[in-house]
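Here are my notes on the model you sent over.

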Amino acid sequence: MRHGKKVNHLGRKAAHRKSMLANMACSLIEHKRINTTVAKAKALKQFVEPLITKSKAENNQSVEKGTHNRRIVFKSLRDKYAVTELFSSVAEKVADRPGGYTRIIKLGNRLGDNADMAMIELVDFNEIYNAGKPKKQKTTRRGRSKKVEETPVVEEGAKADAKAETKAEEKKADDSQE
C-alpha cells in the first residue's frame, strides 16, 4: 500500500528527478512559461512555489534572512542566474500575491506518444490574461463591522417643492413649442 507517499517519482531515480525539476524550474523562471507533461507540471508546481515564497521581499527583510533564503534556493536550483532573476524581477511581481504563483493550462495530447501536455506559467507574467482585470484590493478573511454610510435625508416639503418646479418647467417648455 502507498499510504502517505505524496511524491510523484515520474519514473526516475531521486537524483535524476531532482536535476530535472531544478532544470525545469530554472527554465520556468527564465522564460516565464514552459510546455511539459501534466505530471511533470504538477511536480514542478510543488517544487517551485516554495522557492518563490522564499524570494519575496517580506521574507528577506534582514540581510541574514535574505542571504539564508538565497542559499536555500541556490541549493535547489543550482543556477545563480536563475536565483538572481527569481529574487529580483519575479519576487517584485509576486510581492502582493499570497501563494498560487503558477498556473497549469492543459493543452491536449502529444502526437508521438499521446501524453497529456500542459503549459505551466508564472501567473503575474501573463499580460494578456491579466490585462482586462482590474487589480483587486487586499481583503482579509475575518469579518469587519462596516460603517453604514448615511444617505442625506430629504424633508417631505423639499420633495414637494422640487416636483412643483419640474412641472412648472415642463409647462413652460410645452407653451414655447406651441
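The points below go from the overall layout to the sheet, the salt bridges and one arginine.

1. **Ground rules.** This is a predicted model, so local features need pLDDT of at least 70 and side-chain atom pairs count only at pLDDT 80 or more, while totals for chains, interfaces and linings use all residues. Residues are numbered from 1 along each chain as its sequence is written, and side-chain values use heavy atoms, with hydrogens and water left out.

2. **Overall layout.** The chain has six helices and three strands, where helices (H or I, at least four residues) and strands (E, at least two) are DSSP runs numbered from the N terminus. Read from the N terminus, the order is α-β-α-α-α-β-β-α-α.

3. **Surface and contacts.** Of the 178 residues, 29% are buried; buried is under 20% relative accessible area, exposed is over 50%, and partly exposed lies in between (1.4 Å probe, protein chains only). The accessible surface comes to about 14000 Å², with 52% of it on carbon and sulfur atoms (Shrake-Rupley method, 1.4 Å probe; for residues, only the protein chains shown count as cover). Among contacts (heavy atoms within 4.5 Å) between residues at least 6 apart in sequence, 57% join residues at least 24 apart.

4. **The strands.** Strand 3 (residues 116–122) has six of its seven residues buried. Strand 3 pairs (at least two DSSP bridges between two strands) with strand 1 (residues 33–37) in the antiparallel sense, through five bridges. Seven bridges join strand 3 to strand 2 (residues 102–109), also antiparallel. For landmarks, R33 sits opposite E121, and G108 sits opposite M117. Strands 2 and 3 form a hairpin with six residues between them, and N114 in that turn has a positive phi of about 65°.

5. **Salt bridges across the chain.** The whole structure holds six salt bridges, each a side-chain nitrogen of Lys or Arg within 4 Å of a carboxyl oxygen of Asp or Glu. One of them joins K32 and E85, at 2.7 Å from N to O. The partners are 53 residues apart, with K32 in the loop between helix 1 and strand 1 and E85 in helix 4 (residues 80–93). K32 is buried because its relative accessibility is 15%, whereas E85 is partly exposed at 28%. Another pair is D124 and R97, whose closest N and O atoms are 2.9 Å apart. D124 lies in the loop between strand 3 and helix 5 (127–130), and R97, 27 residues away, lies in the loop between helix 4 and strand 2. D124 is buried at 14%, and R97 is partly exposed at 25%.

6. **Other charged groups.** R110 and D113 form a salt bridge with closest N and O atoms 3.0 Å apart. Both ends are partly exposed: R110 has a relative accessibility of 36% and D113 has 48%. R33, R103 and E121 are linked in a salt-bridge network.

7. **One to look at: R17.** What is the nearest side chain of opposite charge to R17? That is D113, 18 Å away, and R17 is buried without a salt bridge (Lys and Arg count as positive, Asp and Glu as negative; His and the chain ends are not counted). R17 belongs to helix 1 (residues 14–31). A polar atom of the R17 side chain lies 3.3 Å from the backbone oxygen of H9. Leaving aside residues up to four places away in sequence, R17 touches V7, N8, H9, L10 and R12.

Definitions and conventions. A polar contact is a pair of N or O atoms within 3.5 Å; within protein, one must be able to donate a hydrogen and the other to accept it, and residues adjacent in sequence count only if both atoms are side-chain atoms.
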